[in-house]
Amino acid sequence: MSKKVLILTLLVFMLMISGCGGSDTAATNDENQVPTLNVGYIFTNHQTPLMVAANKGEAFSSNGTYLKPIVEREKYELIADGEKVANINLVVNKSGSETTTLFAQKHLDLALGSITAMITGVDTDVPIKVISPLQTEGMALIFPQDSAINNWDEFLTLVKESDQPVKIGYHSPTSAPKFVLEGALDAAGLKITGDATDMSADILLVDLKETSNLIPALQSKQVDGWVGPSPFPEVAVTEGVGKVIIELRDLPPEGHWHDFPCCVLAARDEIIASNPKEVQAFANLITEASKWCNENKEEAAIITANWIGIPEEAAKASTLNYTTDPSENWLRGAGIHVETLGALDKLSGKLNGKNFADVESELFDFQFVD
């Protein structure tokens, strides 16, 4: 065989191998077309539907969408209509503000977090949209169990008679409990500060950094009280550490804070645009899980208690309502959030000076739940 023929033969053989290899690679690439979505959540029963969906797994298959566990509490396959549509990595976040930071860094694709965190994130050009509500209610003002303060009126009297600011803790600068309380205090004509040296203020708001610090801060008397999301008020009560001064839904003016938005499901704009099928499947899962939680409150409470490590008694005491429906009342509450944030000078970016009607399209994309 001549050298030229030998070279030609080798080239043909290499092309054949390459062609076979290309076919295998295409199959592998097809497998790799299934995206991996990083989903953030916080250890709170406000986000029970996600924990329930992960815990129940294939039991939700009759609804068409479910999570298949790969590594419990960490990695799952998202199954829709019998097919794997995405890999899901669950990422625990400490707070709503951390969630929006991770969104901005593209470390999260979807996340469950407070609506106020998402609003302030959008204000600072974090490219996200709220794609559905998740729950309403479930926030309270807590004082030590042995405190003489028992209700809102007595709290206001304490504030007005105190010769120094009353210290109230919160777990995140963008948390819904903090902003609801601020709105009520502002309406009551009280001066609020975050500056510990400002002795002219009525209320000193203290950043306790995360929910795990709420109860210890009460025990150590770092704060006089705190506002926080369920299940921490219930845990404080069941452990004999604290008592509920007022459910934040009952803050004045009467009825103003009822059915109020707190946690939501949000997604990065890029993921909504590039992976609508997968986002739809995940939104469907959360919708069905929310319905199940409302219909099976005791079992949902037990799953939550085991997942986040709280007493079952505390989890069962919750009165949270889970919903992915952006109802008229929910939207009214979202508008109050935007107005309150504006009034408190918490919006300094793209939402600054705008009313709610002007920013709805900036904040929400409800195509996955409409």
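Tutor: Let us begin with a definition: a disulfide is a pair of cysteine sulfur atoms within 2.5 Å. Please keep in mind that this is a predicted model.

Student: How many disulfides does the rule give?

Tutor: The count is zero.

Student: What makes Cys262 and Cys263 buried or exposed?

Tutor: Buried means under 20% relative accessible area. Cys262 has 2% relative accessibility and therefore counts as buried. Cys263, at 5%, is likewise buried because its value falls under the cut-off.

Student: Why is Asn89 called buried?

Tutor: Its relative accessible area is 18%, and the limit is 20%; Asn89 is therefore buried. Asn89 is found in strand β4, residues 83–93.

Student: Which residues does Asn89 touch, leaving aside those up to four places away in sequence?

Tutor: With that exclusion, Asn89 touches Thr36, Leu37, Asn38, Val39, Glu74 and Lys75. Here a contact means heavy atoms within 4.5 Å.

Student: How do you know that the span of helix α13 is close to the expected one?

Tutor: Helix α13 covers residues 328–343, which is 16 residues. The expected span is 1.5 Å times one less than the number of residues, and for α13 that comes to 22 Å. From first C-alpha to last, α13 reaches 22 Å, close to the expected value.

Student: Which residues of α13 are buried, and what covers them?

Tutor: The buried residues include Trp330, Ile336, His337, Val338 and Leu341. Among the elements that cover the buried residues of α13 are α4 (115–123), β6 (128–133), α6 (176–187), β14 (263–268) and α14 (356–363).

Student: What follows α13?

Tutor: Asp345 follows α13, and its phi is positive, near 60°.

Student: What can be said of the protein as a whole?

Tutor: It has 14 helices and 15 strands, and buried residues make up 52% of its 370 residues. Of the contacts with a separation of 6 or more, 73% join residues 24 or more positions apart. The protein carries 27 positive and 51 negative side chains, and the centres of these two sets lie 7 Å apart.

Key. Residues are numbered from 1 along each chain as its sequence is written. This is a predicted model: local features need pLDDT of at least 70, side-chain atom pairs count only at pLDDT 80 or more; totals for chains, interfaces and linings use all residues. Side-chain values use heavy atoms; hydrogens and water are left out. Buried means under 20% relative accessible area, exposed over 50%, partly exposed in between (1.4 Å probe, protein chains only). Helices (H or I, at least four residues) and strands (E, at least two) are DSSP runs, numbered from the N terminus. Lys and Arg count as positive and Asp and Glu as negative; His and the chain ends are not counted. The place of a charge is taken as NZ of Lys, CZ of Arg, CG of Asp or CD of Glu.
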